[in-house]
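The points are grouped by topic.

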There are 2 protein chains.
Amino acid sequence: MEVFVPFDVRDPKRRLEPFLSADERRAFARAMLTDVLAAVSEAGPEPTVLATATVDVDAAVEVDDRPLTPAVNVRLTDRPPPVAVVMADLPLLTPAAVRSLLDSPGDVVLAPGLGGGTNAVVARSPAVRVDYHGASIRDHLRMARKRDLQTNTVDSYRVGVDVDEPSDLVEVLLHARGVSRDWLEDHGVCLRTDDGGRVRVDRRPLD
Amino acid sequence: MEVFVPFDVRDPKRRLEPFLSADERRAFARAMLTDVLAAVSEAGPEPTVLATATVDVDAAVEVDDRPLTPAVNVRLTDRPPPVAVVMADLPLLTPAAVRSLLDSPGDVVLAPGLGGGTNAVVARSPAVRVDYHGASIRDHLRMARKRDLQTNTVDSYRVGVDVDEPSDLVEVLLHARGVSRDWLEDHGVCLRTDDGGRVRVDRRPLD
């Protein structure tokens, strides 16, 4: 199965600012991409990075500088199904979670992400289209209903937790095992558990 | 299997204030409890509410006014295993997610929740203990390692998304199907998708 991993080369993860600087956001986004590519390829398929500009990674790269939605839709239209799209900001992803996603039956398989997003799609019909704006998971379910596509929703924390905001870094520190977590630890990002509610992240000065 | 659902009768979901008033928090917490009890009993076991005070629900109730951790631990010690503990603030829970939790093998099965929590535990050994303070999922994994318990972690969005903060209500509106979602809609809680990032919640005046 062709698995695309869209990646914003230039200005990724803007909502991590000011917790991480622009350079740090780029480096951390690359670390997350590395973890996602590793999880996908350990699960079987060789992933293709769908990048907004040239990028040096250990995977096939297709450069497409259009916004995410048209860049993905052109591939859902042009390539023979099945085609999968897995977001690049899922550092909790494991090969088992990828396998369970790719093995789920249906014309379209959707994995919800925090805050209304769609973190992964498997399209087994050429009628599948994406629209990543707003509450995309709701729009994708509507699209599938309208087009009479047999739909499946994947129930996975490891696929569902994407990293957009500083509070998401807690999940990386607690549940990820790859280079994203190492990157955070190497850059002084740590857990703060003192306020009684959910754990937060903090940053300590490096030696 | 004995399944306990701990429930704070008096002052639940404090971090939803001021988005919801104290009375609203109590009513919404009751709606979430109803959804969790329905998901558990549809999955098979008759759940028992472990409540901080008397409460009128359609399930067995054990009142224990101690804090959550000792109230749960006394049951892990006194009752013959297996014993499960499922949090009351998981309105995305489905019978399928409960079954997959209860069917997972291991001396201890843990389901992580957002922000370091532990949203469900299945204890098949009398050596299992809980401590819900701080990054409890990390502490539970350590406890299991120390006590040489065979451990399993459940990968479920429906178990992993608990409701503590207003942003979590987005998940209820998008992914839940029970009375919690109805309660939010009936009280004017709606999605706000205008800021380009994750979807947020808003409240509109009721007619």
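Lys13(A) is buried, because its relative accessible area of 16% falls under the 20% limit. This residue of a predicted model lies in the loop between β1 (2-7) and α1 of chain A. Its phi is positive, about 55°, although Lys13(A) is not a glycine.

**Backbone geometry**

- Most residues other than glycine have a negative phi, and most peptide bonds are trans.
- Asp148(A) also has a positive phi, near 60°, in a residue other than glycine.
- The position of Asp148(A) is the loop between α4 and β7 (151-153) of chain A.
- Asp148(A) is exposed, since its relative accessible area of 70% is over the 50% limit.
- In chain B, the peptide bond joining Glu17(B) and Pro18(B) is cis, with omega at about 5°; Pro18(B) belongs to the loop between β1 (2-7) and α1 of that chain.
- A cis peptide bond also joins Pro81(B) and Pro82(B), where omega is about 5°; Pro82(B) is placed in the loop between α2 (68-78) and β4 (83-86) of chain B.

**Aromatic pairs and charges over rings**

- Over all chains, the structure holds 2 aromatic pairs.
- In chain A, the ring centres of Phe28(A) and Trp183(A) are 5.5 Å apart and the planes stand at 40°, so this pair is classed as tilted.
- The pair links distant parts of the chain, with Phe28(A) in helix α1 (residues 22-43) and Trp183(A) in helix α7 (residues 179-186), 155 residues apart.
- Phe28(A) is buried, with a relative accessible area of 0%, and Trp183(A) counts as buried at 11%.
- In chain B, the rings of Phe28(B) and Trp183(B) have centres 5.5 Å apart and planes at 45°, so this pair is tilted.
- Phe28(B) is in helix α1 (residues 22-43) of chain B and Trp183(B) in helix α7 (residues 179-186) of chain B, so the pair ties together parts 155 residues apart in sequence.
- Phe28(B) counts as buried at 0% relative accessibility, as does Trp183(B) at 11%.
- The charged end of Arg75(A) sits over the ring of Phe4(A), 5.9 Å from the ring centre.
- In chain B, Arg75(B) lies over the face of Phe4(B), 5.9 Å from the centre of the ring.

**Helix α7 of chain A**

- The buried residues of α7(A) include Ser180(A), Trp183(A) and Leu184(A).
- The packing partners of the buried residues of α7(A) are α1, α6 (169-175) and β8 (189-192) of chain A.
- Gly188(A), which follows α7(A), has a positive phi, near 80°.

- The contact takes 31 residues from chain A and 32 residues from chain B.
- Between them, chain A and chain B bury about 2,700 Å², of which 54% is on carbon and sulfur atoms.
- Asp155(A), Tyr157(A) and Arg198(A) supply 29% of the area that chain A buries against chain B, more than any other three residues.

- Pro112(B) is in strand β5 (residues 108-113) of chain B and is buried, with a relative accessible area of 4%.
- Not counting residues up to four places away in sequence, Pro112(B) touches residues of both chains, among them Tyr157(A), His175(A), Ile137(B) and Gly160(B).
- Pro112(B) and Asp155(B) are 43 residues apart in sequence, and their C-alpha atoms are 7.9 Å apart in space.
- Arg145(A) belongs to helix α4 (residues 136-146) of chain A and is exposed, with a relative accessible area of 61%.
- Arg145(A) and Gly160(A) are 15 residues apart in sequence and 22 Å apart in space, C-alpha to C-alpha.

Note on methods:
Residues numbered from 1 in each chain as written. Chains lettered and ligands numbered in written order. Predicted model: local features only at pLDDT ≥ 70, side-chain atom pairs only at ≥ 80, totals over all residues. Heavy atoms only, no water. Phe/Tyr/Trp six-rings, centres within 6.5 Å; stacked < 30°, edge-to-face > 60°. Helix = DSSP H or I, 4+ residues; strand = E, 2+ residues; numbered from the N terminus. Buried < 20%, exposed > 50% of the residue type's maximum accessible area, 1.4 Å probe, protein only. Lys NZ or Arg CZ within 6 Å of the ring centre and 35° of its normal. Contact = heavy atoms within 4.5 Å. Buried area = accessible area lost by both parts, 1.4 Å probe.
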